[in-house]
Amino acid sequence: MNSGMPPSKRFVMQFAKVVLREAIKFKTWVVLLFVVTSLVVLIAGVLSPKIYQSNVTVFADQAEPTDSATRERLTADLITSPRIIGQLVTELDLVEDPNNSESMDKAILAVISAVEIQPLGSGFIKIAYTADDSIHAYNVVSKLTDLIILDSIEANRRVSNESNAQIEKQAQAYKVEVQQAEEKLKQFNVADLVGTEKQTKEQLSATKQKIESIQLDIEETEIRITSLETQLSSESEFSAPKNPIDIDPPFRELRELIDTEKMDLASKKRRLKRTEAQLQEQLSRLERIAERQSELDELKRDYDITKTIYEGILARKEKARLSMPLDVEGLGVTYSIQEPASYPNKPMGIQFVHYAIFGPMLGFLLPFGLLAAYVKVDPRIRMPDKLSNLTDLPVLGVVPHISTPLAKRLLKSDVVFLCLFLVIVSGIYLSVAVAYQRGVI
Amino acid sequence: MTGKRARDQAAITSSFRITAPKVAKSNISDMTELDVIGAEELAAKKLISSGIENSSILNVFREIRTQLLQRSEGKNFILMVSSMINRAGTSLIATNLAAALALDKTKTALLVDCNLQNSSVCELLGVDPDFGLTDYLAGNRLDIDDVIYATGIPRLRFIPIGANLESGVEYFSSPRMKDLLGSLKDRYADRFIIIDVPPVGLTPEARILSEMSDFSVLVVPYGKVTENQVIAAVNAIGKEKIAGLIFNN
């Protein structure tokens, strides 16, 4: 009797001893229950359906800033879209007849129900697929990833192509305009090589000087003629009325001089007239030159503007060509694989190994648990402590359980037999478990 | 059969199963003893002896003995040993208690088998008696010494149940029984009388015999009786007549 122990510990010790004693008493049942439980659990492990899950993590990126929640939602919508899943079931041969819409719907629904989309935040999305076949699970996830990536690339390319075509069209139009402006400019320059403004202005001033000198000449000539005529008239007052035939010789000489001067004046006047006409012509030419100049400026400006626009378009085109997937308009999402599809080597949840280990454990615990419950529930007295609390009579002694040599021998032979049985069963158990685990069975 | 034949058979000592000689001597030193049975042989029958290998069981009975002697203040006593059910190990415990008392060289023990049915003490002690208690109680033919047998355990004597079992209950309640027990106790001051009695409640013997005893002990077997059965047995005999309980694993 462990009288020195605290009551609770003593109770536990006594209880354990009692359970052990009952276990020895019911040893055959304990062993049988152990064997049956272990085997039942093992069989359950063999029969339990295996579920495999394959998963992939993708990163949804977007050129235009959108919040990651929107991208994740868009991704989930894309993945579960009948278009993508339909493509998937067709390509993986998951549908009997792709032309039958009913069986197609069924196959699509079956796939969608096994797909699990889990947003991990910051644009990362985990896609998982659960199936009773590891290869199938892996194939679906891989294919699904490929499909959404291809789809996003295709969508982006489509948007990109549209905008590129527009740029190309604009570029073509402006190219023509630039060429036209260039041509006009060229023609203009060729036609107006002579008579620049400066030349014309120089000619003009020369002409003006020429006119002034001619006018001075004319004035001098007229003064000379007037003085000569005055001289002539004063001389005729004295000698004129008599007879014209009797003209005095100095008088006649003067007359001739005046005639000469008058002829000279007339020629000078003609020259002036000519030069003035030249001046007029030069003035009008200068006016024309100014007009041409403004026309040229306009052409040049036109050319420059057209050319600048054209160059801008070319630059845009080049930029678009270089960074096509990024320079996308609209809501196209780009996907990249963050974590590639995993091949599920092990089934999900409880695995066969767990069953194989859990079986013997349960097989061990169950009979002892039942015995403990039996001892606890059974009202018959098994512990002397219960007795001492029952009446105020003293417990004079606790006679230990005595085994006679015969009883010991019988127990020993029983135990040996049971151990042998256990060894055989364990051998069978282990071989079945290992064989199944290795896939032999 | 007579005591003569028993004495003849006592010569056959190689066997444990012998008929014990009658004992009627007045003191311990004069007692006729059979050849002492070895400790191993006794242990095989779950009986204690001073030479026993497993001393823990010996100590348990010594401890019980001490407590009983404390209760009787060292005087000899008539102790009834009973239980609530059959096969509780009562006879074995009664025998071992007697043996424990007999370990003391200044004491003798007399074990009285009162099991009209399921008597196992004869077999336990290896005694093949001619007469027993019921034979003695049945008539005046037998002397008390005719039914007291030696056992192979020093200082332990034994009165078997006998063959006259039909009217056992009546015999037990007779004045002759009371006189017998009284004289057995009174004749030798160093003689301790242990009576092995059938279960309380199943038969009336225990109640009758407890009246004739100084006190009783009740054997509570492991995993066989409920608390209510124990309480009922205690109440049937009366708490004041019970020295205590013995839990038998």
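A:Glu291 sits in helix H8 of chain A, with helices being DSSP runs of H or I of at least four residues, strands DSSP runs of E of at least two, and both numbered from the N terminus. At 52% relative accessibility, A:Glu291 counts as exposed; the cut-offs are under 20% relative accessible area for buried, over 50% for exposed and partly exposed in between, with a 1.4 Å probe and protein chains only. This is a predicted model, where local features need pLDDT of at least 70 and side-chain atom pairs count only at pLDDT 80 or more, while totals for chains, interfaces and linings use all residues. Residues are numbered from 1 along each chain as its sequence is written, chains are lettered from A and ligands numbered from 1 in the order in which they are written, and side-chain values use heavy atoms, with hydrogens and water left out.

**Surface patches on chain A**

- A:Glu291 belongs to a negative surface patch, together with A:Glu177, A:Glu287, A:Glu295, A:Asp297, A:Glu298 and A:Asp302.
- Patches here take residues with over 30% relative accessible area and no salt bridge, joining like charges within 9 Å and nonpolar side chains (Val, Leu, Ile, Met, Phe, Trp, Tyr) within 5 Å.
- For the charges, Lys and Arg count as positive and Asp and Glu as negative, with His and the chain ends not counted; each charge is placed at NZ of Lys, CZ of Arg, CG of Asp or CD of Glu.
- Helix H8 (residues 249-322) of chain A gives the most to the negative patch, with six residues.
- There's a nonpolar surface patch too, formed by A:Leu20, A:Ile24, A:Leu411 and A:Val415, with about 310 Å² of accessible area together; the areas come from the Shrake-Rupley method with a 1.4 Å probe, and for residues only the protein chains shown count as cover.
- Helix H1 (7-25) and helix H11 (405-437) of chain A are the elements that give two or more residues to the nonpolar patch.
- A:Leu20 is in helix H1 of chain A and, at 47% relative accessibility, counts as partly exposed.

**Salt bridges**

- Over all chains, the whole structure has 17 salt bridges, each being a side-chain nitrogen of Lys or Arg within 4 Å of a carboxyl oxygen of Asp or Glu.
- One of them pairs A:Arg382 with A:Glu22, with the closest N and O atoms 2.9 Å apart.
- A:Arg382 is in the loop between helix H9 (352-377) and helix H10 (384-390) of chain A and A:Glu22 is in helix H1 of chain A, so this pair ties together parts that are 360 residues apart in sequence.
- Buried or exposed, what is A:Arg382? A:Arg382 is buried, at 3% relative accessibility, and A:Glu22 is buried as well, with a relative accessible area of 0%.
- A:Arg382 also forms a salt bridge with A:Asp378, where the closest N and O atoms are 2.6 Å apart, and both A:Asp378 and A:Arg382 are buried.
- A network of salt bridges links A:Glu22, A:Asp378, A:Arg380 and A:Arg382.
- Between B:Lys239 and A:Asp392 there is another salt bridge, with the closest N and O atoms 3.3 Å apart.
- That pair crosses between chains, from the loop between helix H10 (227-237) and strand S7 (242-248) of chain B, which holds B:Lys239, to the loop between H10 and strand S5 (395-399) of chain A, which holds A:Asp392.
- B:Lys239 counts as partly exposed at 38% relative accessibility, whereas A:Asp392 is exposed at 61%.

**Strand S4 of chain B and its partners**

- Strand S4 (residues 156-159) of chain B is covered on both faces: B:Leu156 and B:Phe158 on one side, and B:Arg157 and B:Ile159 on the other, are all buried.
- Strand S2 (residues 108-113) of chain B pairs with S4(B) in the parallel sense over four bridges, where pairing takes at least two DSSP bridges between two strands.
- B:Ala109 stands opposite B:Leu156 of S4(B).
- Strand S3 (residues 149-150) of chain B runs antiparallel to S4(B), joined by two bridges, and B:Tyr149 has B:Phe158 as its bridge partner.
- S3(B) and S4(B) make a hairpin with five residues between them, and B:Gly152 in the turn has a positive phi of about 100 degrees.

**Positive phi outside glycine**

- B:Glu73 has a positive phi near 55 degrees without being a glycine.
- B:Glu73 is in the loop between helix H3 (55-71) and strand S1 (78-83) of chain B, and B:Glu73 is exposed, with a relative accessible area of 65%.
- B:Asn118 isn't a glycine either, yet has a positive phi of about 55 degrees.
- The loop between S2 and helix H5 (121-125) of chain B holds B:Asn118, which is exposed at 54% relative accessibility.
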